[in-house]
Each structure stands twice: as structure tokens, then as C-alpha cells.
Amino acid sequence: MRITIDGREIEAREGATIFDAAGAAGIDIPVLCHDPRLDPVGVCRLCVVDVGERVLAAACVRRCEPGMEVRTNTSDIEADRAVLTELLMSEQPADHEADRRERAFGDNALLACARRYDAWGDSLPRGGGRADDTSSSVIHVDHQACILCDRCIRACDELQNNEVIGRTGKGHDSRIAFDLDVPMGQSTCVSCGECAAVCPTGALVDVAIGPELRPRDELEAVDSVCPYCGVGCALTYHVDRERNAIVFAEGRESPGNRQRLCVKGRYGWDYAAHPQRLRVPLIRRDDAYPKGALSKDVRGEHDGRRKPGGIVDYDEVLPAFREATWDEALDLVAERLSTIRDRDGPDALAGFGSAKCSNEEAYLFQKLVRACFGTNNVDHCTRLCHASSVAALLEGIGSGAVTTTYGDIANAGAALLAGTNTTANHPVAATFFKEARKRGTKLIVVDPRREAIAEHADHYCRIKPGTDVAFYNAMMQVIIEEELGDRAFIEERTENYDALATLVADYPPERAGAICGVEPDDIRAVARAFGSADSAIVFWGMGISQHVYGTNNARCLIALALLTGNIGKAGAGLHPLRGQNNVQGASDAGLIPMVYPDYQSVEDPAIREKFESAWGRELSPQRGLTVVEIAHAALEGSVKGMYIMGENPFLSDPNVNKVRKALSNLDFLVVQDIFLTETAEFADVILPASSYMEKLGTYTNTDRRVQIGRPVLEMPGEARLDWEVVCDVSTRMGFPMDYASPSEIFDEFAGLTNAYATLSHDNLGAVGKLWPNPDPERDDGPVVLFDDAFPTENGRAKFVPAEWTAARELPDDDYPFVLNTGRLLEHWHTGVMTRRTRVLDAIAPEAFVAMHPDDGSANGLSDGDNVTVESRRGSVTLRLRLTTRECRGAVFMPIHFREAAANLLTLDELDPDGKIPEFKFCAVRVSAAG
């Protein structure tokens, strides 16, 4: 439509507000209460304009109408704005120059208005009866600077969907409040920082983490990607180049996170500047043999008490090593690994790469192991998270990637969240799940633990641990019996349906309910909600995959989507939520033992010939060993040398006591990392690596979005880029690698794939591209995959029926509880990064074991007690936390704390298909600590 603003005729889209139309035309209208990402409310009245009516209209809420004539800056309007500004300023503290937001970011919108209208008012002395709230580790609350615009409330409600902030008091005593008016740091606030990001005054301001906060125009802005979970949020780091320091971070616009961040993304970056960063190569001293653990925690002398910083004590470990030059260290690495390869054969070597490294680094590392070492013994942490999911997806639909994005939930009639604590593990994705629920998507949550996302669910089913297959088979039995399936989709696009129908017929809700502990009527209700939806997405996490029957769990979810025709259309699909920032990309790049890049089998002669031609080396035709199998082989002595880049298997692998013995048994171990990790205590050589913040490379998130991470900081000391180190080792071992840049490495990798074939650093742009992408110059890439056929030999997906089987190790009288392990919102895997991040470690500083209050009472245990948790493999002592989020008969431990390592207790039995270990089910006992 055509409208006129201040005498200029402009075009406005239907439904646009006057504020939106003016902004698009470059016409400035001042505003305090409105943010473009929030629903407008028009409470500040600063944006009022003249539309020729009796009263002025708030531009942020008034919609454009054809032929409308608008005046935005008449003398009357400007006078009104000046008065409003003066009234607001009269409530502000008098020391405007000390305003935190103005000093920090230079963007206090209220002070900008005061300067514009020279309207300062009679400000109040500092205090004014409203005390500051400094209880939060990340945000300073200044109630006196608040103008009650409600931006923070709406950001918490509408963007993060946490609903923590509201108002309390009446009249002049009104103010914002957290929960039922408790200090922010004691509330259910998750410290995402969204409230501070939208605040227009100094009421909510970030606490300085690194150097003192400074205005944006004094800093360098570097667009990059968050280094933590698989959501892959786009963000901007604001950097003080003189100090080589990040000052603050903020979300930026992208098709994924849409400027949203969680506590780790916004505040968890200072680990890169931690004083414990490795700065020079280290070689083990001759008198530090035979090898073994060097620190008390790693030796197994655990007491569960808080250690300073919760990290490796360098004073305990560093005396076993001496500093070396790069040439000396690299020559020793090449000599020792070459000796083992030539003496004992290529399969006596193995390598662990990392999902925290870039696609380019992952590609080079697997190339090193395959072409230089001569073995396929290469793996990374995908083996510990979604290996079973990938195995089931490849088997069922011919592809191991997600078939739709997490944002596609906005188009879904229903969404099933299975075995995923999204609010902790994928918090920004969870904001879109909660938002979709508010807009009508039926949310179904199935999990033994009642985590925060369950509070938003239409249906929550608390199944017993380890009974997923029985539950989902029962859902499918109901869908088939009540004819809720998509018969046309089944007949045209799938195979093996009859076998599935025959098997699930044996799982009526009455039988399944007895197994999984859910009422039959509840199973039917969930099946009907999912089966009757026009479209539905299945999301799952490691509560599905981290089992010895994890592949069977995933087979059931795939079958459920196929049965209802929920693949290949908007608002429908399969999405295993990836855990690490580049676990998708590292897998795509071939950092797994049975496939080359793009999931091309090492056992296929034609494919092997393709890679032999590209790399100029004969390659092994045998599948390699997986993470846990490599540890077993090291213990047995068949794997004698290892190169570990960016992984910490001592804490991340199951059955730590066995891992300790395996690492000690290696003839030679080189560890390349940014800190002296627990695993590095067993190393012969330690190489100082580059952190995420110091390198250029691409990262592929859970959506298949390939994005560029850019260097923010200079590397400390003599630390080097990981890809350059890998090239140096390979060249010294007789397989030259020579690249000019990460983009050149990416081009070689992409050229050997179909999924990445059209992509390059040059066409990824500011927000990346989805793969596969036929035309990345013009298109973002397909959100939904497989709309007409599956990438299988016959184009059909395959139903793979699965029987329920009990866990390998069941509770008994001696070990009556089931142990479940997982992540916390504030921490990351083995804690190497987050426990060196001041804010994150302050919020969640110590280990705990969570138990249902009734179980605590029955065992004479109280909240806060020190308890010992013991399995058949080990024991740890730590604090007890009683909570109804846990189910009866089960306990939960986070995996991040070296002083109470959960994996001392876990079982190293493997899923026969995905080779993933059992992290979610082992038998333990809990007793008061002696």
C-alpha cells in the first residue's frame, strides 16, 4: 500500500505498523518500550505520531492503512516527547554520567532522548528507596534506572519463553520482580541475558567478565558462531584489540537463533584467556616413567569436595614434563608414531579427533590417520552421543542427517521430544519449542526425568528408564489399530511395513504400560495426538541414543515418523539434536572409523579407489575401531600409539578405571589441546593448540547449517593452529600435507562429497548455508529433505521393527538404583572450557547427585548430605540434591566434575550397531558418606 510520512510517499506492506514502515524508509521515530523482536505494546508513548485523528497514535502499534498521512515530528509531537522524557528522567538517579549502560555500551536510549530534547528533569539522589540487586553472576539490576517499559518481561516471555520476570508493587512503588519477588540470582532465571540485551536504560546491564565494558564503537566487532552446543548460534564478539581480549558478546540475526543466546554463548567465552592455557610444547621427563595418573583426582583418590576452580592442579602435573621447542616435540611425535606403525603395523595406531574442531581440522585429522598412519582407527565423540541414531537413520532412510531444522517446529501440528533435556542441552532451540507450544503446536515430552521442558508439554509421560522401545511400539500399535497412519505414504514411499505391524501388535498399551510405568490411556492419548496431527516432528537426544539398545530406540522413532507420513514436508521430520558444536560436521568430514567423508564406506572398493586417487596412498579396506574399542585394544596391547586432538577420554569415556589402565598401557601418546587435561597426564608429548576463538574454519550445526567461525583473539605464547600442526606431523611421518589456508582444505573436502560439493568459504556468507545446496549463491538451502524420495537404492525408507529388551545391568538388592548421567545448562562435557569460565563455574560450582525425595526419605538421606554413589566399577562422594524432577528408583549425575567423575561408575557395554556405550543405565547404591 502507499502511505505518506512527513510528506514522503512510501510503500508499506500489509499489516506493517507505522514504526516499521518509517524505519524501512529511513525515518527515525524515537521509542523506548519497543524492540522489533517483541510484540508492540505502546506503553511509553514516545513514538506517538499524528495520523489526523483526535489523539496521537503510538507508531509501534498502529497499523498502516492505504492513503494514510502521517506526521512524525511536528512541534506539538516533539513537545510531548520532551515532556515524557523529562518525567522519566525525574525518576532516574542523578549521576547520569555513571549510568552503567551508557558507560558499558554507549546505547542508553533514555539518555539519548534526554540529550535530544534537553530534558533532564529533577533527578533523584542515588538510592531513592530502590536498592540495587547484585545477586546475579551476570546481570546488575538497578531498579531506580527502570522505567517500567516491560521490555525485559516481554523478552523473557516472548523470546526465551522462560517467564521469570514480572511486576510487583503498586503505583509509584511498582518495579520489576523475579519469580515471587526474590533476588535475581536466587530466582529461576537461566542467565541468558536477553533481558539486559533489550533494556533501553541502565536498569539491567551485563556484569563485566573480561576487561571493563565499553561502547561498541570503541571495539572491533567479529561475527562468529558459538563454540558450545549443536544449535550453532550466530553471535558477535566485541573485541579490545590492544588487550587481545573479548569485552562482550551478543546474538546476531540468522535463520537459526534469531539473535537469541544462552548463558554459555553470551557469557562463556573467557576460558580462552585463562592463565592455564598451554603455551609451549611439553615432553615427559625421563624420570616420570612408568606412565600413570599424576593428580589425585585422576589417580582415583576422589573425595567429592570442591577443588579450587575444579580443574587440573598444574602444580601436581607439570613437574613430570619439561618445555621443548616445536621442532623437538614434532620430531619426537613423528619418530615414535612412525616406529610403531612400521614395527607393529598401521592398526597399532589410533587417533581421536574432536567435535570442537572445525570441519577442515576434522578432515585433515582423519586423512592423517587413514593415509599417513594407514589405519581406519579414527573416531571422535559422536561415538558417545548419536552414533546409534546415525546407524538407525542410515539403515532406515539412507541418510544420517536431520531431515528438517529445529525452527521448522513453527509449522508443526505436534512435536515429540524424546529423551532430550533441551532446556539444558540445547537451550536456544528449546526457546523455539516453547514458543511453538504457545502458538498451538501439541508438545509431547517422554523422559524418565521431568525436566523444565516438561512443564510446557501438553502430554508428559514419565517412562521407566530403559523402556523406550516398549513405549513407542505401543504408540505405533494404537496408531495402526485406530487407522491414524498415512496409508498412501506407507504404500508409496516405504517398505517392510508388514513386519513392523506384526511386531507392534504384541505391544498393546496394557502390556507396554506394565513395562514402562505409563497408564494405558495416557499412551493412547499421546498416540492419538501424534497420529492425528497434520504434521509432526520427532526430536530426540541422548536419552534415546546413549544405550546399548540406542539403535533400537532410534529405529522406533524413525518408524513412528514413517508410519504417520511425517518426513518430507513442512513441520515434519526426524531431528536428533546434536550435542557438540561440530559433531555433525566432524562426522560429515569422515572422523569416524567405518566411513570416509560424506558417509562413504571404507569397505566399498570403488569408493576406496576414489580416495586413494585423491590422496595418493593405498588405504585400508578394514573398518576401524571405535572410541571404546580403541580403549579396550590399548588395554589389551594391540593399539600401542595414539594421537588425541581436542578430546578428553579420561573423563568422557565410560568406566574410567579401565580407561586409566588403557592410557597407562600405551607405548606412546601425544595430546594436542588448549589445556593440560586429565588425559594429558598420560601423554608423552603435549602440543599447545589453538582455541575456537583463535582460528578460522567452518562448523556444521544440528540443522546441517555450515557456518564460518572467525578468529577473535591472538594465540597465547607459542600455541599453533591445529591444522598446521596436523600437517607438520604428517609431513614428518612421510606423507606431505601442504595447504595455504583453511578454505583450501575445505575445497578439497567438499570436492570429495555430494553434500558439500557446491559450498565454499566464499559463498557461505554471514549466516552460512544448509547442505545439500544446489545453488548456494542464491539460496539458503533446503529446510526439509526427502520430499519425493529417500537416498536409498530403491528410493524407499525401510521400517525396521525392534523388540524391547531389558538393560544389561539391572538394579538388585545390592545396587538398587539406576544411574542416569548428562549435562547441565551451565557446563560443557568434561568441563575443560566451562570450569575455566568465571561466570559459568560460579553459577554451577560443584557436583551433585539428584534423587527423588521419597527415595531419600526411605534411605535416611536429606537434601545437602554428603553421599557415596557406588557401582560395580567404582565410587564417588558428592552432595545429594533431592528433587521431584527425578523418578523413583533412579538418580542423576552430571558428567562435568573431575572430583566426582560420573564415568567412574558407568558401564562400557556397547550397542551392537552404533557401538555407543551405555551412559544412561547402570546399577548403583547411594549411602551416607563415612
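Reader: Which residue does Glu250 form a salt bridge with?

Author: Glu250 pairs with Arg216, and the closest N and O atoms are 2.7 Å apart. Keep in mind that this is a predicted model.

Reader: And where do those two sit in the chain?

Author: Glu250 is in strand E13 (residues 245-251), while Arg216 is in the loop between strand E10 (204-206) and strand E11 (220-225).

Reader: Nice. How many salt bridges does the count come to?

Author: The rule gives 65 salt bridges. As background, side chains of opposite charge can pair when their charged atoms come close.

Reader: Changing topic: how is the chain divided into domains?

Author: There are domain 1 (2-73), domain 2 (99-273), domain 3 (315-385 + 582-768), domain 4 (398-568) and domain 5 (817-928). Note that domain 3 is listed with two segments, 315-385 and 582-768.

Reader: I'm curious about domain 3 and domain 5. How many residues are in contact there?

Author: 23 residues of domain 3 are in contact with 20 residues of domain 5. The C-alpha centres of these domains lie 30 Å apart.

Reader: What area do domain 3 and domain 5 bury between them?

Author: About 1,900 Å², with 61% of it on carbon and sulfur atoms.

Reader: OK, and how many salt bridges cross that interface of domain 3 and domain 5?

Author: The rule finds four across it. The interface also has 12 residue pairs in polar contact, both residues being at pLDDT 80 or more.

Reader: Which helices supply the domain 3 side that touches domain 5?

Author: Helix H24 (627-636), helix H25 (649-652) and helix H26 (656-665) each supply at least two residues to that side. H26 gives the most, with four residues.

Reader: What classes of residue are on that side of domain 3?

Author: The side of domain 3 that touches domain 5 has eight nonpolar, seven polar and eight charged residues.

Reader: While we're on charges, which side chain does Asp908 meet in a salt bridge?

Author: Asp908 meets Lys658, at 3.0 Å from N to O.

Reader: Let's jump to the sheets. What is the strand order in the open sheet of seven strands?

Author: The order is E15-E14-E28-E27-E26-E16-E17, and the pairing is mixed. Strand E15 (321-323) and strand E17 (378-379) are the edge strands, each pairing on one side only.

Reader: Do E27 and E28 pair parallel or antiparallel?

Author: Parallel: strand E27 (residues 668-673) and strand E28 (residues 685-688) are joined over four bridges. Gln672 stands opposite Leu687 of E28.

Reader: Which sheet do E1 and E2 belong to?

Author: They are part of an open sheet of three strands in the order E2-E1-E5, with mixed pairing. E2 and strand E5 (69-70) are its edge strands. E1 and E5 run parallel, joined by two bridges, and Thr4 stands opposite Glu69 in E5.

Reader: There's another hairpin I spotted, E8 and E9. Which residue takes a positive phi there?

Author: Gly169 does, with a phi near 85°, in a hairpin with six residues between the strands. Strand E8 (residues 165-168) and strand E9 (residues 175-178) pair in the antiparallel sense over four bridges, and Ile165 has Phe178 as its bridge partner in E9.

Note on methods. Residues are numbered from 1 along each chain as its sequence is written. This is a predicted model: local features need pLDDT of at least 70, side-chain atom pairs count only at pLDDT 80 or more; totals for chains, interfaces and linings use all residues. Side-chain values use heavy atoms; hydrogens and water are left out. Domain bounds come from an automatic or database domain assignment. Contact means heavy atoms within 4.5 Å. Buried area is the accessible area (1.4 Å probe) that two parts lose on being put together, summed over both. A polar contact is a pair of N or O atoms within 3.5 Å; within protein, one must be able to donate a hydrogen and the other to accept it, and residues adjacent in sequence count only if both atoms are side-chain atoms. Ala, Val, Leu, Ile, Met, Phe, Trp, Tyr, Cys and Pro count as nonpolar, Asp, Glu, Lys and Arg as charged, and the others, Gly among them, as polar. Two strands pair if DSSP finds at least two bridges between them.
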